[in-house]
Amino acid sequence: MAEAAGNLAVEAAEENRPGPGNVGDRVFNGTLWALGVMVLVVAGLIVLNLALVARPLAKEHSLWGFITSSEWNPVDDRYGALPFLYGTLVTSALSILMAVPVAIGLALFITQFAPAKLGRVLTIPVELLAAIPSVVYGLWGLFIVVPWLRESIQPWLGRHFGFLPLFQGPPIGLGFLAAGAILAVMILPTVVSVSVEVMKTTPEANREAALALGATKWEAVMLAVIPYSRAGILGAVLLGLGRALGETMAVTMVIGNSPRISASLFAAGYSLPAVIANEFAEAVSDVHIGALAGLGLILFATTFLLNAGARILVTAVQKGPSRISG
Amino acid sequence: MSLHSSFTYRKAVDRGMAGLCAVFFALAFVPLISVLWLVISKGAAGLSWGFFTQLPKPVGEEGGGIGNALIGTLFMVGIACVAGLPLGVGAGIYLAEKGDGTFGSTVRFVAEVLSGVPSIVVGIVAYALVVKPMGHFSALAGGVALAILMIPTVARTTEELVRLVPGSLREASLALGVPNWKTSLRVIIRTAMGGIVTACLLAVARAAGETAPLIFTALNNQYWNVDPRAPTASLTVAIYNYAISPYDDWHAKAWTASLVLLIVVGLLNIASRYLTRSRLKGAR
């Protein structure tokens with residue numbers, strides 16, 4: 001009896017003994033490792049399933065033919081991605097043009113010019129913008145931004161810049177310009193918050209050195225802050241671009257959903273996510289579903305590469321120059 | 001910045017640029033206030049008890065609500081939580097506790113990149129995983145889509161917040177002879193619990209606002225539904241359908257439903273902020 005109790009006590013002590021042989025440690029580490037592996041499994045599932053759904057398309061079209069054809073006709077099973085690629089590129093580029101200068105100025109205001117006492121309070125409006133769901137932006141865009149563009153902005157642009165092909169045609173409101181404007185609002189929080197993060201990593205000594213040599217605040221920004229965080233700001237822009245490319249609901253609601261390629265920003269267009277959202281539920285033929293999944297695959301590959309590049313840039317800046325020089 | 005520019009000129013540039021940055025800051029408020037004001041002013045009129053409890057009614061009929069869509073969103077977010085949160089939180093703890101090696105960095109990198117994958121793409125994946133084998137649209141498919149979206153974001157936030165636990169706590173526990181796994185579970189994770197709940201709340205808020213991955217997985221439903229195998233309505237898809245319809249009273253419903261959605265998302269965000277703050281105080 002006493003011996004058995006003693007053995008139990010020894011066993012209990014063994015269980016609790018720290019060190020490499022501990023059974024609990026092995027179980028715990030194994031479980032955590034498996035959970036970490038699950039992230040890679042999810043990534044694998046995404047790629048595998050997209051490829052599986054898109055496979056019927058590969059039998060009908062070559063990749064090059066799919067990307068360069070501009071005919072989209074589900075009735076005859078003819079699919080070309082060009083109008084959607086064009087719409088996605090134009091609206092994303094527009095949103096980057098509109099959002100990036102504002103975002104960088106805003107980030108500089110938060111990190112450099114605003115009184116330090118305000119601190120985190122300043123980021124609240126940006127965080128609120130990020131929290132608004134995309135379908136609410138779409139609703140706002142459809143009933144507020146589109147009429148505003150149609151009645152004020154587009155007629156004005158047409159009158160003064162109508163000689164450019166960009167601003168020709170009837171002002172219908174719905175179209176590339178509306179989608180670009182709403183995307184600009186939606187990607188602003190991403191670009192601002194990542195820019196603020198990287199600007200904050202600028203060593204205070206660099207900035208103070210510039211100020212001590214007689215630089216004004218703005219000159220200190222140009223001499224110390226911008227050069228130090230340049231790569232990270234580029235990363236922030238790429239993350240914003242990735243968000244703009246994949247944004248679905250708001251764009252679907254304001255771009256006009258017409259698969260045409262027009263030089264004018266006033267014209268209605270289409271985008272990759274929008275056509276997937278509109279046609280996937282109703283698609284019946286395997287090739288049609290495959291073509292939509294093919295568009296999804298293009299979208300996935302592009303955003304994956306953009307995000308990967310952006311993360312590498314941002315992490316490099318956050319880790320500091322020692323990391324870059326090795 | 002050239003040498004021959006006078007001091008007054010440089011000073012003026014400084015003032016001008018600082019002013020411009022302040023103007024940009026103010027500019028961010030324009031869309032924010034516009035969205036919030038319009039959703040509140042246009043949405044508040046339609047709020048009534050029936051809006052929360054009734055089924056939608058056909059065009060032209062008075063009344064009707066979004067009760068089934070509210071239940072549908074709750075149901076699918078619930079499925080997503082059951083499937084996605086344990087995996088996401090677990091992966092986050094892995095990254096915080098054991099993720100310093102090459103494999104950990106790979107997992108972290110993949111999680112970061114996955115969190116930027118468009119939600120519509122995840123919808124296609126859920127379609128392939130659930131809708132295709134089952135042969136029809138279902139609440140389960142919507143829940144799976146939301147779960148896949150949750151995993152990488154929850155993992156990243158969890159890691160960030162678990163890493164806030166001071167190393168001295170771990171050292172104190174190990175010095176007392178407590179094994180590593182018990183230190184992780186009973187000291188580190190228990191201390192970080194508030195942070196982990198925050199990560200989950202933020203993920204729930206994000207999932208509740210997702211539309212794109214639901215339109216061709218959960219589709220829609222005009223009636224009450226709590227069967228995971230049947231198509232189901234959701235708040236966001238209801239807003240979308242009302243918004244793109246040609247009827248004025250449906251547009252009004254879209255604004256009211258948006259107000260409800262903003263309130264839900266807002267409350268979840270406020271709760272998470274409150275939890276983070278009290279947690280950080282505890283750590284000090």
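Buried residues account for 47% of the 326 residues in chain A, a residue being buried if 20 or more other C-beta atoms, placed from the backbone, lie within 10 Å of its own, exposed if 12 or fewer do, and partly exposed in between. In chain B, buried residues make up 52% of 284 residues. This is a predicted model, in which local features need pLDDT of at least 70, side-chain atom pairs count only at pLDDT 80 or more, and totals for chains, interfaces and linings use all residues. Residues are numbered from 1 along each chain as its sequence is written, while chains are lettered from A and ligands numbered from 1 in the order in which they are written.

**Chain A**

- Chain A contains 13 helices and zero strands; helices (H or I, at least four residues) and strands (E, at least two) are DSSP runs numbered from the N terminus.
- The radius of gyration of chain A is 26 Å, whereas a compact globule of 326 residues would have one near 20 Å; the radius is taken over C-alpha atoms, and the globule rule is 2.2 Å times the number of residues to the power 0.38.
- Along the principal axes, the C-alpha atoms of chain A fill a box of roughly 95 × 70 × 40 Å.
- Of the contacts in chain A with a separation of 6 or more, 76% are between residues 24 or more positions apart; two residues are in contact if their C-beta atoms, placed from the backbone, lie within 7 Å.

**Domains of chain A**

- Chain A is divided into domain 1 (2-60) and domain 2 (81-324), with bounds that come from an automatic or database domain assignment.
- The centres of domain 1 and domain 2 of chain A, taken over C-alpha atoms, are 39 Å apart.
- Nine residues of domain 1 of chain A are in contact with 10 residues of domain 2 of chain A.
- The side of domain 1 of chain A that touches domain 2 of chain A has seven nonpolar, no polar and two charged residues; Ala, Val, Leu, Ile, Met, Phe, Trp, Tyr, Cys and Pro count as nonpolar, Asp, Glu, Lys and Arg as charged, and the others, Gly among them, as polar.

**Chain B**

- The secondary structure of chain B consists of 11 helices and zero strands.
- Chain B has a radius of gyration of 24 Å, well over the 19 Å that the globule rule gives for 284 residues, so chain B is more spread out than a compact globule.
- Eight of the 10 residues of helix 10 of chain B are buried, so this helix is largely enclosed by the rest of the structure.
- The buried residues of helix 10 of chain B include B:L235, B:I239 and B:Y242.

**Contact between the chains**

- Chain B contributes 77 residues to the contact and chain A contributes 70 residues.
- Helix 1 of chain B gives the most to the side of chain B that touches chain A, with 20 residues.
- That side of chain B divides into 56 nonpolar, 14 polar and seven charged residues.

**Nonpolar core**

- The largest nonpolar core has 200 residues, where a core is a set of buried Ala, Val, Leu, Ile, Met, Phe, Trp, Tyr and Cys residues joined through C-beta atoms within 7 Å.
- Helix 7 (residues 176-200) of chain A provides the largest share of this core, 18 residues.
- Domain 1 (2-60) and domain 2 (81-324) of chain A both give residues to this core, so the core lies between them.
- The residues with the most contacts inside the core are A:I182, A:L188, A:V254, B:A91 and B:I239.
- Leaving aside neighbours within four places in sequence, A:L188 is in contact with A:A99, A:V102, A:A103, A:L129 and B:A28.
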